[in-house]
Amino acid sequence: MRLLVVEDHPILADGLVKALKTADYAVDHADSGDAADHMLATQPYDAVILDIGLPKLDGYEVLRRMRRRGSKTPVLMLTARDALEDRVRGLDLGADDYLTKPYDLPELEARVRALIRRGQSGGGAELRHGELTLDTAGRRATIRGAPIELSARELGVLEVLMLRVGRVVSKEQLAEQLYGWGEEVGANAIEVYVHRLRKKLEPAGVSVRTIRGLGYLLERSAND
Ligand code: CA
């Protein structure tokens with residue numbers, strides 16, 4: 001799950017980004033409206049947390065441009081306390097939810113989770129592959145209904161592989177999904193996640209093949 005935080009106040013932005021990363025999201029940050037507009041036009045996000053008062057383009061304009069491009073990405077607007085007008089305007093422009101400043105981080109996280117769940121309900125949040133099921137909104141994988149314990153990164157790898165069953169997924173594609181921009185991707189990290197995931201998927205008869213030099217391929221094992 002990849003989020004964009006659009007907030008120009010450095011301390012607020014820092015707190016928000018850290019909290020969301022701790023909650024295992026891949027998080028990008030934009031500190032101006034035009035940076036946000038550019039990132040939203042070129043990168044897919046699962047949800048956006050959008051401040052209103054921003055340099056260059058304000059939050060309303062960023063939202064207006066997103067919706068004009070046809071983007072349905074859920075947006076949580078951050079508004080000033082008691083500014084009813086702000087909220088109405090944001091919702092009119094296509095915001096999905098709002099939160100007044102100063103907000104509580106746990107509440108913000110809960111709202112973001114709910115937004116992502118709603119955003120995905122149209123597209124089906126449950127991925128199936130043989131006996132393996134992945135609930136992308138609930139971030140939970142099960143084999144024949146029994147939960148398997150996966151770390152957030154392993155879940156992220158699994159989600160990308162399941163979305164592209166039968167196709168080769170490169171390490172770069174996996175890294176892209178798992179990390180925010182500008183974050184170091186450990187050279188062997190992806191290999192480690194895939195290795196662990198492979199072991200945990202064995203009971204489901206699901207195998208992740210390594211295609212040397214190209215990446216990974218999720219396929220059913222021969223005895224399935
Ligand atoms: Ca601001």
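## Glu7 and its contacts

In this predicted model, the side chains of E7 and K101 are joined by a polar contact of 3.1 Å (N or O atoms within 3.5 Å; within protein, one able to donate a hydrogen and the other to accept it, with residues adjacent in sequence counted only if both atoms are side-chain atoms). The E7 side chain also reaches the backbone nitrogen of H9, at 3.0 Å.

E7 lies in the loop between β1 (2–6) and α1 (10–22); helices (H or I, at least four residues) and strands (E, at least two) are DSSP runs numbered from the N terminus. With a relative accessible area of 1%, E7 is buried (under 20%; exposed is over 50% and partly exposed in between, using a 1.4 Å probe and protein chains only).

## Calcium site

D8 (OD), D51 (OD) and G53 (O) coordinate the calcium ion at 2.2 to 2.3 Å; donors are N, O and S atoms within 2.8 Å of the metal, or 3.2 Å for Na, K and Ca, and water is not among the atoms, so sites may look incomplete. Along the chain, the donors have the spacing D-x42-D-x1-G.

D51 is buried at 6% relative accessibility, whereas G53 is partly exposed at 47%.

## Basis of the values

Residues are numbered from 1 along each chain as its sequence is written, and side-chain values use heavy atoms, leaving out hydrogens and water. Local features need pLDDT of at least 70 and side-chain atom pairs count only at pLDDT 80 or more, while totals for chains, interfaces and linings use all residues.
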